[in-house]
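This report walks through one protein chain, from its overall form down to single residues. Keep the sequence and the structure in view while reading.

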Amino acid sequence: MSSAAPPGTTFLTGWGRTSPTPARLVRPATAEQVAETVRRAPERGVAARGLGRAYGDAAQNAGGLVVDCTALTSWSLDEATGLVTAGAGLSLHDLMAALVPRGWFVPVTPGTRHVTVGGAVAADVHGKNHHVDSSFGAHLRSLTLVTAGGGIRTLTPADDLFWATVGGMGLTGVIVEAVFRCVPIETSRVRVNTERTRDLDHTLETMAATDDRYRYTVAWIDLLARGGRMGRSVLTRGDHAAREDLPRGADPLEFAPRALVKAPPWAPDGLLNPLTVRAFNEAWYLKSRPGTSVQGLAPFFHPLDFVDGWNRAYGPRGFVQYQFVVPFGQEATLRRIVARLSAEGVVSFLTVLKRFGPGTPGMLSFPMPGWTLALDIPAGQRGLAGLLRAFDAQVAEAGGRIYLAKDSRMAAGTMAATYPRLAEWRKVRDEADPDGVFRTDLARRLGL
């Protein structure tokens with residue numbers, strides 16, 4: 001591949017920085033401008049893009065047009081009901097900065113604030129509270145979509161196209177606005193309980209027994225621990241703190257998070273290796289003292305956001321994030337995968353485990369009741385492709401699925417085998433977009 005994009009185009013990648021492809025990029029300022037852009041769609045079609053935090057190729061469109069929606073940032077709040085109306089390009093960071101001082105918090109946040117509202121809808125994102133509050137789509141009251149003919153439609157949960165769009169990865173139209181209900185809070189802090197577990201079975205047992213006591217819960221797993229320590233974890237569980245949890249004189253709704261350090265513009269391949277990650281894991285496990293503390297929203301929900309451009313630490317080849325879910329009752333599959341990762345010494349800087357509750361009616365929504373494991377792996381590790389294909393087969397056999405917003409390498413056959421409502425989604429999508437105006441690299445790869 002040449003080092004420069006063809007004239008008039010820009011190379012785009014996902015957050016994992018793998019598989020860059022060129023596309024023409026436009027940045028409309030209004031929903032009407034988005035509609036006009038769609039009406040003039042080129043032969044290679046149109047894809048929507050927010051802040052580029054999908055890990056793979058979900059917001060790329062090789063040789064086609066990509067609509068950058070980040071200028072669509074209007075918002076309003078109904079203080080009485082907590083209903084927010086937000087443009088699709090508004091980041092959760094900017095929305096939180098406006099809402100938290102007013103005593104409101106977003107209903108669901110993933111592990112970064114730097115995603116857009118449109119991206120949160122398109123991926124039906126989940127957070128540490130899925131076992132209690134489900135995913136983002138569960139809190140939507142309506143969304144506004146630019147459709148294939150350039151029309152602008154407002155959809156509600158009564159519409160099939162609504163649930164084809166929630167979790168539909170931008171392939172039913174360009175989301176330009178969403179209305180959703182937020183959560184009232186007394187403070188901008190979280191009361192956090194931390195516990196260390198000795199191995200994977202202890203982790204699973206503790207989470208199953210205690211998750212329902214907390215709104216937010218997650219386990220960080222030391223993937224390089226072996227033998228009797230395999231799967232040892234640090235559990236963090238929390239709830240929004242009350243005013244009485246704060247020290248006297250503290251501003252209860254202060255919220256001004258920012259990156260504390262900036263990752264270098266380049267890092268050598270191999271910086272994250274078994275030696276460095278094992279040292280980090282040991283230090284993190286030991287420093288995570290059991291007990292209760294009060295933390296800010298940003299440290300609890302978005303610790304990686306404190307490092308601007310942290311994805312560059314994986315080196316020029318980028319990294320793969322692999323996230324799957326298997327149903328409750330399929331813990332043996334989860335154990336086999338963790339054991340294989342540990343035995344192979346797979347380097348994953350961040351490995352997290354959560355329990356999902358009921359999902360939304362989104363036809364391609366990822367969450368389902370069960371266990372979800374996510375890991376970041378530097379691209380190019382020896383044998384990685386074959387290892388992940390083997391995991392795909394095990395996940396499919398267990399009745400699970402792979403997260404599309406994190407995926408950069410799944411095969412079309414795995415997608416068809418693990419998303420049981422795919423045919424239903426295709427029918428609704430084809431009715432809304434019979435000429436295939438909305439296309440992405442992910443859609444081509446997966447045969448969507």
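## Overall form

The chain has 448 residues, and a compact globule of that length would have a radius of gyration near 22 Å. The value for this chain is 21 Å, which agrees. The model is predicted. Along its principal axes, the C-alpha trace spans about 60 × 55 × 45 Å.

The chain holds 13 helices and 21 strands. Buried residues make up 58% of the 448 residues. Among contacts with a separation of 6 or more, 74% join residues 24 or more positions apart.

Strands of a sheet pair through backbone hydrogen bonds, either parallel or antiparallel.

## Strand β18 and its partners

Strand β18 covers residues 319–327. On one side, β18 pairs with β20 in the antiparallel sense, over 9 bridges. Strand β21 is also joined to β18, by 2 bridges, and these two strands run antiparallel as well. Phe324 shows both pairings. It stands opposite Leu373 in β20 and opposite Ile402 in β21.

How much of β18 is buried? The count is 9 of the 9 residues, so the strand is largely enclosed by the rest of the structure. Both faces are covered. One side carries Phe319, Gln321, Gln323, Val325 and Pro327, all buried. The other carries Val320, Tyr322, Phe324 and Val326, which are buried too.

Arg336 lies in helix α9. Is Arg336 buried, exposed or partly exposed? Its relative accessibility is 47%, so Arg336 counts as partly exposed; the exposed class starts over 50%. The side chain of Arg336 makes a polar contact with the side chain of Thr333, at 3.2 Å. Arg336 and Phe391 are 55 residues apart in sequence, and their C-alpha atoms are 9.3 Å apart in space.

## The sheet of 4 strands

Another open sheet has 4 strands, in the order β1-β2-β4-β3. Its pairing is mixed. The edge strands are β1 (10–12) and β3 (46–49), and each pairs on one side only. Neighbouring strands of this sheet are turned by 50° against each other on average, direction ignored.

Strand β3 is joined to β4 (residues 65–68) by 4 bridges, and the two run parallel. Within this pairing, the bridge partner of Ala47 is Val66 in β4.

## Cysteines

How many disulfides does the structure hold? The number is 0. Cys69 has 5% relative accessibility, so it counts as buried. Cys182 has a relative accessible area of 6% and is buried. Both classes follow from the cut-off, since buried means under 20% relative accessible area.

Key:
Residues numbered from 1 in each chain as written. Predicted model: local features only at pLDDT ≥ 70, side-chain atom pairs only at ≥ 80, totals over all residues. Heavy atoms only, no water. Pairing = 2+ DSSP bridges. Disulfide = S-S within 2.5 Å. Buried < 20%, exposed > 50% of the residue type's maximum accessible area, 1.4 Å probe, protein only. Polar contact = N/O pair within 3.5 Å; in protein donor to acceptor, adjacent residues only side chain to side chain. Axes fitted to C-alpha atoms, helices over the stretch in contact; angles between N-to-C directions. Rg over C-alpha atoms; globule rule 2.2 N^0.38 Å. Contact = heavy atoms within 4.5 Å.
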